[in-house]
Amino acid sequence: MQTRHILRNPLFIFGLLLSQIIWSQVGVNTANPTTMLDVNGDLRVRDAVASSSTDDVPLVIDNDGNVKKQLSSLLGNFRGRLLTDFDSRLSINTPNANGIYKINTMTELIDAGGDFDIATSSFTAPITGIYEVTITLTISGYSTASTNYVAGLMDDTGSWIMRFSMPREEVNGTGAVGSAKTYTGIAELTAGKVYDFGFASGDFVLLANPVGSTGTGIGSYLKIQLIDN
């Protein structure tokens, strides 16, 4: 009698069915689903809403047909800009033992994986791999020395792991206008290691917002993106 009473209880039956719905794997065109939703065939999505956020992540499909979030959109995807001018002539800015200035006035524009520390202007590689590094600089040069200007990434020992050299003759900007240059290269970064944007050679000012007679703009910015691991 007790058993028949339980089976006739609508709440018990509803709970039993609900648990099956929640925990069951659903197969479309397959009798043996291996994930919560397993589609054996084509997939079409109609009337999808357009993305309105730069935080949205693209989906990709691996060799086994599994849908995943794109790794390069989640980790090792950083865009930043110089928040304020960096002037090497100021006493608060001093080079390290290798003559490299750490540029510590960067802020983030895109940092999907939280790899950049705003407080220290440092980037921590989330995984070991090959990263593309692009640096755009607007520079006012004040030194008359014959050595070239050098910009790039340095590791936690204060040594270059990649760098770009620019002839001093090309850096002819003065005052608030400056001379803009863009450099792109690749570097192998190690998971968990900290990397900093650096600049070297003579007196200089990196401009955050160069001002000209016809307007102003963002002058110096940095991109680090994982491209292979």
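K223 comes in at 22% relative accessibility, so it counts as partly exposed (buried is under 20% relative accessible area, exposed over 50%, partly exposed in between, with a 1.4 Å probe and protein chains only). Keep in mind that this is a predicted model: local features need pLDDT of at least 70 and side-chain atom pairs count only at pLDDT 80 or more, while totals for chains, interfaces and linings use all residues. Residues are numbered from 1 along each chain as its sequence is written, and side-chain values use heavy atoms, with hydrogens and water left out.

**Salt bridges**

- Searching the whole structure turns up 4 salt bridges (a side-chain nitrogen of Lys or Arg within 4 Å of a carboxyl oxygen of Asp or Glu).
- K223 pairs with E132, and their closest N and O atoms sit 2.8 Å apart. E132 is in strand 11 (residues 129-141) and K223 in strand 19, so this pair ties together parts that are 91 residues apart in sequence (strands are DSSP runs of E, at least two residues, numbered from the N terminus).
- E132 is partly exposed, at 23% relative accessible area.
- K102 and D196 meet through their side chains in another salt bridge, at 3.6 Å from N to O. With K102 in strand 7 (residues 100-102) and D196 in strand 15, the pair links parts that are 94 residues apart in sequence.
- D196 is buried at 9% relative accessibility, whereas K102 is partly exposed at 28%.
- R89 bridges to D87, with 2.9 Å between the closest N and O atoms. Here R89 is partly exposed, at 43% relative accessible area, and D87 is buried, at 13%.

**The cavity**

- There is 1 cavity of 30 Å³ or more (on a 1 Å grid over the protein atoms alone, a set of points where a 1.4 Å probe fits but cannot get out; lining residues have an atom within 4 Å of a point).
- The largest cavity holds about 40 Å³ of space (the volume filled by probe spheres set on grid points, which are joined across faces, edges and corners).
- Its lining includes F78, F116, L153 and D196. Strand 10 (122-124), strand 15 (194-200) and strand 19 (221-228) each give two or more residues to that lining, and strand 15 has the largest share, with 3.
- By type, the cavity lining splits into 8 nonpolar, 2 polar and 1 charged (Ala, Val, Leu, Ile, Met, Phe, Trp, Tyr, Cys and Pro are nonpolar; Asp, Glu, Lys and Arg are charged; the others, Gly among them, are polar).

**The pocket and the nonpolar patch**

- The largest pocket has about 410 Å³ of space (a pocket is an open set with protein on both sides within 12 Å along at least five of seven lines).
- Among the residues lining the largest pocket are L37, V39, L43, I61 and D64. Strand 2 gives the largest share, 3 residues, and the lining divides into 5 nonpolar, 5 polar and 2 charged.
- V26, V28, L37, V39, L43 and V45 make a nonpolar surface patch of about 560 Å² (patch residues have over 30% relative accessible area and no salt bridge, with nonpolar side chains, Val, Leu, Ile, Met, Phe, Trp or Tyr, joined within 5 Å and like charges within 9 Å; areas come from the Shrake-Rupley method with a 1.4 Å probe, and for residues only the protein chains shown count as cover).
- Strand 1 (26-28) and strand 2 (37-39) each supply at least two residues of the patch.
- V39, in strand 2, is partly exposed at 33% relative accessibility.

Key. Helices (H or I, at least four residues) and strands (E, at least two) are DSSP runs, numbered from the N terminus.
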